[in-house]
Amino acid sequence: YKRITTKSLVDMKRKGEKISMLTAYDYTMAKIVDTAGVDVILVGDSASNVMAGHETTLPITLDQMIYHAAAVVRAAERALVVVDLPFGTYQSDSKEALRSSIRIMKESGGHAVKLEGGSEISGSIKKILNAGIPVMGHLGLTPQSIYKFGTYTVRAKEDAEAEKLIEDAKLLEQLGCFALVLEKIPADLATRVAQSISIPVIGIGAGAGVDGQVLVLHDMVGMTHEFSPRFLRRYMNLFEDMTKAIGNYVTDVKSKDFPNASEQY
Ligand code: KIV
Ligand code: NA
């Protein structure tokens with residue numbers, strides 16, 4: 001195998017090879033994701049929801065993201081590991097953004113960071129890139145701004161927001177970001193963005209005209225079951241399957257079926 005780099009991803013776009021990306025937050029899951037051949041593992045701040053049970057991504061801390069990222073890095077032999085900068089660790093000023101990014105790189109061993117936003121955070125992106133840390137952008141539905149949006153519905157349906165998004169995507173490319181996530185925007189707009197910049201655009205709920213796809217691992221294997229947006233394709237129904245299996249275990253313990261004669265010393 002060959003380690004995927006930020007450069008490999010740009011090459012994939014040039015060749016028209018779609019990029020596969022999934023989240024992971026721990027060693028065991030990341031080992032499976034890496035072994036399955038996923039190109040990019042995102043240690044998303046969706047860990048706040050999926051791992052910790054928070055309603056939003058806002059509460060997760062930098063220390064917690066570093067803990068998750070370090071476990072994922074220990075598992076990933078081939079995938080590029082990208083780590084989300086959590087809410088509140090990069091918005092106040094570019095120095096804080098750089099300090100947070102350096103902590104992620106040094107303490108987790110991750111290969112790149114991801115930040116939400118465009119022109120508002122261009123100073124921070126520049127500063128991080130100047131330190132030699134690769135940056136992935138994230139535009140469209142940016143969950144750290146959920147209290148500004150008020151809902152998790154599709155973004156950039158209006159012309160003004162769509163124009164700003166296109167400008168922000170071009171800015172992120174100019175600044176030197178190696179890739180960009182577009183979340184929950186109309187497919188036509190996402191396709192336009194992907195065609196107008198040379199860095200890879202990875203979509204989630206952004207249609208088929210982009211350069212790659214990302215999903216939250218626990219959603220695509222059906223471990224979560226309350227969250228069912230249109231863009232989510234479920235490949236398994238692990239919530240049901242595991243609930244049944246664990247129910248069987250409970251039954252077997254209660255009925256003294258487990259352990260049997262061959263399952264003891
Ligand atoms: O945190 C996350 O899981 C993400 C993806 C949905 C892109 O940012
Ligand atoms: Na995120």
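## The barrel

Eight strands form a closed barrel, in the order E1-E2-E3-E4-E5-E6-E7-E8, and their pairing is parallel. From one strand to the next, the twist averages 25 degrees. The model is a predicted one.

What does pairing rest on? In general, strands of a sheet pair through backbone hydrogen bonds, and they can do so in a parallel or an antiparallel way.

Start with strand E5, residues 135–140, and strand E6, residues 179–183. Five bridges pair them in the parallel sense. Find Met136 in the structure: alanine 179 of E6 stands opposite this methionine.

Now move on to E7. Strands E6 and E7 run parallel and are joined by four bridges. Here valine 181 stands opposite isoleucine 202 of E7. The chain gets from one strand to the other by way of a helix. E6, helix H9 (residues 187–196) and E7 together make a right-handed β-α-β unit.

Next comes strand E8, residues 212–215. E7 and E8 run parallel, with two bridges between them.

## Two faces of one strand

Which way do the residues of E7 point? Strand E7 covers residues 201–204. Val201 and Gly203 point one way, while Ile202 and Ile204 point the other way. All four of these residues are buried.

Helix H4 spans residues 62–75. This helix lies across strand E2 (40–43) and strand E3 (80–84). H4 runs at about 175 degrees to E3.

## Binding-site records

UniProt, in an unreviewed entry, lists Asp45, Ser46, Asp84 and Lys114 under "binding site". These residues are spread over 70 residues of sequence, yet they cluster in space, with a largest C-alpha distance of 12.5 Å.

The unreviewed entry in UniProt also places a "binding site" feature at Asp45, Asp84 and Glu116. Their spread is 72 residues of sequence, but they too cluster in space: the largest C-alpha distance is 10.8 Å.

## Three listed residues up close

Take aspartate 84 to begin. Its place is in strand E3. Is aspartate 84 buried or exposed? Aspartate 84 counts as buried because 30 C-beta neighbours lie inside 10 Å. Leaving out residues up to four places away in sequence, aspartate 84 touches Val43, Gly44, Asp45, Met65 and Lys114.

Lysine 114 lies in strand E4, residues 112–114. Lysine 114 has 22 C-beta neighbours inside 10 Å, so this residue counts as buried. Which residues does lysine 114 touch, not counting those up to four places away in sequence? They are Leu42, Val82, Asp84, Leu85, Met136, His138 and Val181.

Glutamate 116 sits in the loop between E4 and helix H6 (122–130). Glutamate 116 is buried, because 24 other C-beta atoms are within 10 Å. Beyond residues up to four places away in sequence, glutamate 116 touches His138, Thr142, Gln144 and Ser145. His138 is among the contacts of lysine 114, and it is among those of glutamate 116 as well.

## Two domains

How is the chain divided into domains? The domain assignment gives domain 1 as 6–234 and domain 2 as 237–265. Taken over C-alpha atoms, the centres of domain 1 and domain 2 are separated by 38 Å.

Look at lysine 184. Its phi is positive, about 50 degrees, although the residue is not a glycine. Lysine 184 is in the loop between E6 and H9. Lysine 184 counts as buried because it has 21 C-beta neighbours inside 10 Å.

Lysine 256 also has a positive phi, near 65 degrees, in a residue other than glycine. This lysine is in the segment after H11. Is lysine 256 buried or exposed? With 8 C-beta neighbours inside 10 Å, lysine 256 counts as exposed.

One more feature concerns a peptide bond. The bond from phenylalanine 258 to proline 259 is cis, with omega near -5 degrees. Proline 259 lies in the segment after helix H11 (238–254).

Key: Residues are numbered from 1 along each chain as its sequence is written. Chains are lettered from A and ligands numbered from 1 in the order in which they are written. This is a predicted model: local features need pLDDT of at least 70, side-chain atom pairs count only at pLDDT 80 or more; totals for chains, interfaces and linings use all residues. Two strands pair if DSSP finds at least two bridges between them. Axes are lines fitted to C-alpha atoms, for helices over the stretch in contact, and angles run from 0 to 180 degrees between N-to-C directions. Two residues are in contact if their C-beta atoms, placed from the backbone, lie within 7 Å. Domain bounds come from an automatic or database domain assignment. A residue is buried if 20 or more other C-beta atoms lie within 10 Å of its own, exposed if 12 or fewer, and partly exposed in between; C-beta atoms are placed from the backbone. A crossover is right-handed if, with the strands pointing away from the viewer, the path from the first strand over the helix to the second runs clockwise. UniProt positions are given in the numbering used here, feature names are shortened, and annotations may be inferred rather than shown by experiment.
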